[in-house]
Amino acid sequence: MTAVAAKRWPFLVPLLVVAALVGIFGKRLLDVQQGADPRLLPTVLLQTPFPEMDLPPLPGRAQGKGTLGIKTSELKGTVSLVNVWGSWCVACLAEHPLLMELAKSDDVPIHGIAWRDEPTASARWLAQHGDPYARIGQDPRSHAAIALGVTGAPETFVVDAAGVIRYKHIGPITPEIWRDTLQPLIASLRP
Amino acid sequence: MIIELGHFALAVALVVALVQGTLPLAGAARANAAWMGLAAPAALVQCALALIAFGALTHAYVTSDFSVVGVFENSHTAKPLLYKISGVWGNHEGSMVLWIAVLALFGACVALFGRNLPARLKARALAVQGLIGFGFIAFVLFTSNPFLRIDPAPAQGNGLNPLLQDPGLAFHPPMLYLGYVGFSVAFSFAVAALLEGRVDAAWARWVRPWTLAAWMFLTLGIGLGSWWAYYELGWGGWWFWDPVENASFIPWLTGTALLHSAIVVERREALKSWTILLAIVTFSLSLLGTFLVRSGILTSVHAFAADPTRGVFVLMLLAAAIGGSFTLYAMRAPAMEGGGAFAPISREGGLLINNVLLATAAATVLLGTLYPLIADALELGKLSVGAPYFNSVFVPLMTPLVILAGIGPFLSWKRADLAGALQRLKLAGGATVVIALGTWVAAGGDLIDLAAGGGMALAGWLAIATVTEWLGRIRASDGALSWKRAAQLPRAAHGMTLAHLGMAVLIVGVTGASAWKQERIETLKPGESIEVAGYRFQFEGARRIPGPNYSAVEGTYRVFRGEDEIALLTPEKRNYLQPPQQTTEAAIHTTFLTDLYAVIGDQDGDQGAFVARIYYEPFVPCLWYGVLLMALGGLVSLSDRRLRIGAPRRAALPAGAVPAE
Amino acid sequence: MMRLVLVLLLAASSAGAVNPNERLGDPAQEARAREVSKALRCVVCQNETIDESSAELAKDMRLLVRERIAAGDSNEQVVNYMVQRYGDFVLLKPRFTAETLALWLGPALLLGIGALMAARRLRRAGAQAGVTQAAAGLSAEESAELNKLMAKTNKDQRS
């Protein structure tokens, strides 16, 4: 390095640091603009078995489904969706019509975890808006939610036939999300 | 009509800023006096226009003109007047108008008070101010316009977040902006000096008052924010290393370094490139803070609503301003070395180490603040960096700095007698050891109490060393002569003493609050009491009370020390209506050095029992005393006559001019 | 605007949040529970620990921490339980891993670089001072004498 260059290069460092930071901020802004939410906490439970749990069923459901709670062993055998919801959750109402449609088409079983909810409130909500769930487990003290690393409702897990968590979607499921992400994934998990 | 006037004023200000930012620069390059002469009048006009715009917006808020989008979204007729006004800057758009007004105000002050500045330097500095103003006015007009109307005008507004309806928080942004944006003057002067190709003692002397003022306001602004958090958030915490807290603290650290580094340039024309770099970096960090809060890429309590489009605009502004100035720095600064020679052990040497420590501290806090963002962007996973990290890296950096701050004032310029200095510090050193051991023993003698002992020792060291130095300067054979000497000392010397003492007091506060805080949480029925640290808190009951825009549950606690009733505390839990939110208002009783802090929690059962949270916070008031002392030191330094007289002209030095300092 | 409200709503309705009826009977265990809670981040808040936050999920996490401590887990086991489910994000103090190398070593590295730069500068400045004296043709003794005199003079003029 020439004497002049040797003297000058430290003075370039601030500029290089700024350039690097601007690059990183720019990338981050682009991500956010394309829909990434920096506050979302992605799951660390991918490819891990669905946590062991035995949640009591929700009484008061129509069609005698009031005895079907969620037990981890019973999730095995088929690909399913596990949806964390509550009657207090506004966004859950937004995705509910889609869940009803999925239930009607009988494509994939949808199980629900009633998170931090009064059983009567949950039952009433389902009676009013429809009950797409096969099994429902009550989780009044967030034990199941914490075991699943849940930070808000709604959140939906894709569980494969072996009982392994394959995907988690945070927020309401839109038709686009179903069509572009969840449906293909579920199809690929079936033999 | 008034709103349109304000909007128009801002648009004209955009043009004026552009003129201010370009012609004088070109004029300075071509020695065109007419173009250079445009800078000052343009700055004054820009200031007037910005104030008109700000005034128009304030008027809309005060008259609850809900046809203006910003007023509708953030105000409400039931709000008290003070908060209608502070609502102007309680949201992104309005706060940017305040930002612009403060920037223009500083530019106008430079134009008015900088009559002794050489024409080229003045023209260039004002031009840089103008360019910055242009960028931000464009940002407001094109992405964050608070002057937009809605038709038909709604009858009532959405209200202001209850948390912001608070005297402390009302003044926190303006104070902070006076600081943040005030450093733009140092930035502009630095860029102007780089363009000129010369930094000298006169330059440092011109920059000093602006840097002092900005530093003082920033100190107060950060202190206000911390004080607010302490009494509002309800558990006696006062610093959380929150990303946006850090965003104001990092420029404070480099601003402090700048203040000290500029002294070296002024006296010995050394550390020039350090000082220029610090001047650029400090304002750049202010800009970075502005970006982080408003772009949505960092989540924090303080963050304004996230909007990536705005983020992109600010990022481009940042890249232009910071990238441009650092490029200029890389090109011109290497040629600027030289200056007075000095021995390693000297005041210059000490201030160089001071620079390194403060800059490293600033870089460390910046690293911790940005790390989650960087890790996430580079797909290294989502991690979080919280208070434990910052405490473990910041304290070890500050410790040598505080020790140095005690020794530094004893070092002479050019070549210092370290042995002699340490000799004079024997008393301070001895006292430090005594304080350390005494505190440790009094606190309980456990291993964890060592930290408390260390903290108090540092504070004691700094305080005693500072006072020793001050006394050494003024002490004479009789008292009257001493006071005379004190009066004759340049104000900047008193300023330094006050500011360093303030720092010591602050450290006392930090140590005490961290080490000896006590908390009791119990459910109390009316008539029952809790004991904390020798004080008895007796719950008298709770009642419902209405407020201007909220309804509250107010609890009453009588505080006894021994047999004497010393205070009546009435904390509240408020439910605001618009927007619906619950806040807690703690009740605090301050004895001189301690705070007794009571919060009323939830009701427990139907017997009138409520959860009570009582905190004993020793030495917390020292935090605020320390901040005030530091700011006072800054103010006293600012009032130094030599800064008002202005720099001596280069050609003819008046007889007996340069004072002994 | 609403998102701002939501953000502040989550954060600031806190008043240091452990309720008396959450506490464990055994004070030693309760103290451990507080300690663990202060090390865990509330995942639905902005920059609060689960000990401070009054969010519902934070309360449930506090209770879960106490259950596990009462069931015999060590502090580290409880923390690991949370980390396994929420990731490193839930830790306020980042672990020392490959990903956080730069974070933990950064400050020392920066200080080291700063110190090196300062040392270089100080040596150069000192050499300059020495050179000036040598150029004036002073011997070593005269230099030392001059240095002492200068230190004394500077001390008197010190400010």
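Arg34(C) is buried, with a relative accessible area of 14%; buried means under 20% relative accessible area, exposed over 50% and partly exposed in between, with a 1.4 Å probe and protein chains only. This is a predicted model, in which local features need pLDDT of at least 70 and side-chain atom pairs count only at pLDDT 80 or more, while totals for chains, interfaces and linings use all residues. Residues are numbered from 1 along each chain as its sequence is written, chains are lettered from A and ligands numbered from 1 in the order in which they are written, and side-chain values use heavy atoms, with hydrogens and water left out.

Arg34(C) belongs to helix α2 of chain C, residues 27–39; helices (H or I, at least four residues) and strands (E, at least two) are DSSP runs numbered from the N terminus. Once neighbours within four places in sequence are set aside, Arg34(C) is in contact with Val18(C), Asp51(C) and Arg66(C), and also with Glu519(B) of another chain; contact means heavy atoms within 4.5 Å.

Chain C has 6 helices and 0 strands, so that, by the definition of these elements, its order from the N terminus reads α-α-α-α-α-α. Of its 159 residues, 47% count as buried. Where contacts in chain C link residues at least 6 apart in sequence, 51% join residues at least 24 apart.

As to confidence, the mean pLDDT of chain C is 80, with 72% of its residues at 70 or more; pLDDT is the predictor's confidence in each residue, from 0 to 100. Over residues 1–15 of chain C, pLDDT stays under 50, and the model has 41 contacts beyond four places in sequence for them. For chain B the mean pLDDT is 89, and 95% of its residues reach 70 or more. Residues 646–661 of chain B stay under 50, with 17 contacts beyond four places in sequence. The model as a whole scores ipTM 0.88 and pTM 0.91.

Chain B, which supplies the contact residue Glu519(B), contains an open sheet of 4 strands in the order β1-β10-β9-β8, with antiparallel pairing; two strands pair if DSSP finds at least two bridges between them. Its edge strands, each pairing on one side only, are β1 (518–524) and β8 (587–591) of chain B. From one strand to the next the twist averages 15°; axes are lines fitted to C-alpha atoms, for helices over the stretch in contact, and angles run from 0 to 180 degrees between N-to-C directions. In general, strands of a sheet pair through backbone hydrogen bonds, either parallel or antiparallel.

Strand β9 (residues 594–603) of chain B runs antiparallel to β8(B), joined to it by 5 bridges. The two form a hairpin with 2 residues between them. Opposite Thr590(B) stands Asp595(B) in β9(B), and opposite Ala587(B) stands Ala598(B). Strand β9(B) is mostly covered, since 8 of its 10 residues are buried. With strand β10 (residues 610–618) of chain B, β9(B) pairs in the antiparallel sense over 8 bridges; here Asp595(B) faces Glu617(B) in β10(B). The hairpin of β9(B) and β10(B) has 6 residues between the strands, and Gly605(B) takes a positive phi near 80° there.

Finally, consider the nonpolar cores. The largest nonpolar core has 181 residues, and the members that touch the most others are Phe25(A), Trp99(B), Phe189(B), Trp203(B), Leu253(B), Ile276(B) and Phe291(B). Apart from it lies another core, of 45 residues, including Val82(A), Ala144(A), Ile146(A) and, from chain C, Ile50(C). Such a core is a set of buried Ala, Val, Leu, Ile, Met, Phe, Trp, Tyr and Cys residues joined through side-chain atoms within 4.5 Å.
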